[in-house]
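Thanks for making the time this morning. I would like to walk through one model with you, going from the chain as a whole to its sheet, its core and a few single residues.

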Amino acid sequence: MKYQTVQQNIRLGREILPNEKLMQLTSNQISELKKSLWEHGVIVMRKQNLTASQLKKFAQNTFGNVNFGSKSKPLNPLIHPDLQSPGVAILGNPQVGNQEIVGQFAWQWHHDKDHLPTTPGLDMNALYVIILYGVEIPIAGHTTEFIDMIEAYNNLDSSHQQQLAQMNMYHLPPRYLKPGSNVPMKMHPVVSTHKVTGKQGLYLGSDTSIPVGMEEKPEAAQQFWHELFQTILQRTPVYAHVWQPGDVVFWDNSQVMHTGTPYDAKQHQRIALRVGVVDNSFS
């Protein structure tokens, strides 16, 4: 899919609380952080120095439980223990000399609602927040790209908006799928109302999503998804966050989609710590 990116966006990518340390924020500053997140969809704090355990503690204290749907794993002796904690994923190629990239599946457009389809009782419209901490950045100019799905909905023709407002999609987890596995599907409206702001936007999951009525037509379902998303990309600017070491980026998956960008693991190392958490105030 062809599209152009911008590094300045009206809403997305707002830098907040400059010169503050994440683990030292006051309750008022945390309230300010959450207010900014719901308002802007993607926010950034720079120049942080965190362990995986600290990142997890902050996520739990600010939003809620980070361990739902995940299994504890033993520590990897080839990775520094400060980068490891149950519920915190390590993305990139954290092992020196190992060119395997963890999280390469994320190099496609998607919403990050990992366990919502498979977790019983969890609302598909829950506020699922990702916190991504950049420890090592592979190259200057390395980006993660975001698109504002509220703006995307507003940029559609009114007739197209009305058509989509009557549609629902089944959503599958974006990873860990195995041929023949019995994967639960949950239904979500294509036009979603945000739990905090009340604004309407599009929720498309990923290209594994299946519009209701196309369950037996997987090729038509994928074609529908790609044509809709191409229309969105033609009308809505893509914000590219340019990473600096120490960046902590928060995004609200009810408002934005994102994609990672490739890099050469033979030449560069990338280490990022990722926490996904549902805000328990609105779950």
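In the protein chain, 81% of the contacts with a separation of 6 or more are between residues 24 or more positions apart, where contact means heavy atoms within 4.5 Å. Please keep in mind that this is a predicted model, in which local features need pLDDT of at least 70 and side-chain atom pairs count only at pLDDT 80 or more, while totals for chains, interfaces and linings use all residues. Residues are numbered from 1 along each chain as its sequence is written, and side-chain values use heavy atoms, with hydrogens and water left out.

The C-alpha trace spans about 50 × 45 × 40 Å along its principal axes. Buried residues make up 52% of the 283, with buried meaning under 20% relative accessible area, exposed over 50% and partly exposed in between, for a 1.4 Å probe and protein chains only.

Turning to secondary structure, the chain has five helices and 15 strands, these being DSSP runs numbered from the N terminus, with helices (H or I) of at least four residues and strands (E) of at least two. Six of the strands form an open sheet with mixed pairing, in the order E2-E3-E13-E5-E15-E4, and its edge strands, E2 (14-15) and E4 (89-92), each pair on one side only. Two strands are said to pair if DSSP finds at least two bridges between them.

How is E15 held in this sheet, and which bridges join E4 to E15? Four bridges join E4 to E15, and the two run antiparallel, with Leu-91 opposite Ala-272 and Ile-90 opposite Leu-273. E5 and E15 also pair in the antiparallel sense, over eight bridges, and there Leu-132 stands opposite Arg-274. Eight of the eight residues of E15 are buried, and both of its faces are covered, with Ile-271, Leu-273, Val-275 and Val-277 on one side and Ala-272, Arg-274, Gly-276 and Val-278 on the other.

H1 lies across E2, E3, E5 and E13, running at about 140 degrees to E3, whereas H2 lies across E5, E13 and E15, at about 20 degrees to E15; the axes are lines fitted to C-alpha atoms, for helices over the stretch in contact, and angles run from 0 to 180 degrees between N-to-C directions.

The largest nonpolar core has 30 residues, of which Leu-22, Leu-33, Leu-55, Phe-63, Ile-131, Phe-250 and Leu-273 touch the most other members. Such a core is a set of buried Ala, Val, Leu, Ile, Met, Phe, Trp, Tyr and Cys residues joined through side-chain atoms within 4.5 Å. H1, E3, H2, E5, E13 and E15 each supply at least two residues of this core. Leaving aside neighbours within four places in sequence, Leu-33 is in contact with residues including Ile-16, Ile-43, Phe-58 and Phe-250.

Finally, Val-238 lies in strand E12 (residues 238-242) and counts as buried because its relative accessibility is 0%. Among the residues that Val-238 touches, not counting those up to four places away in sequence, are Tyr-3, Trp-109, Phe-146 and Leu-233.
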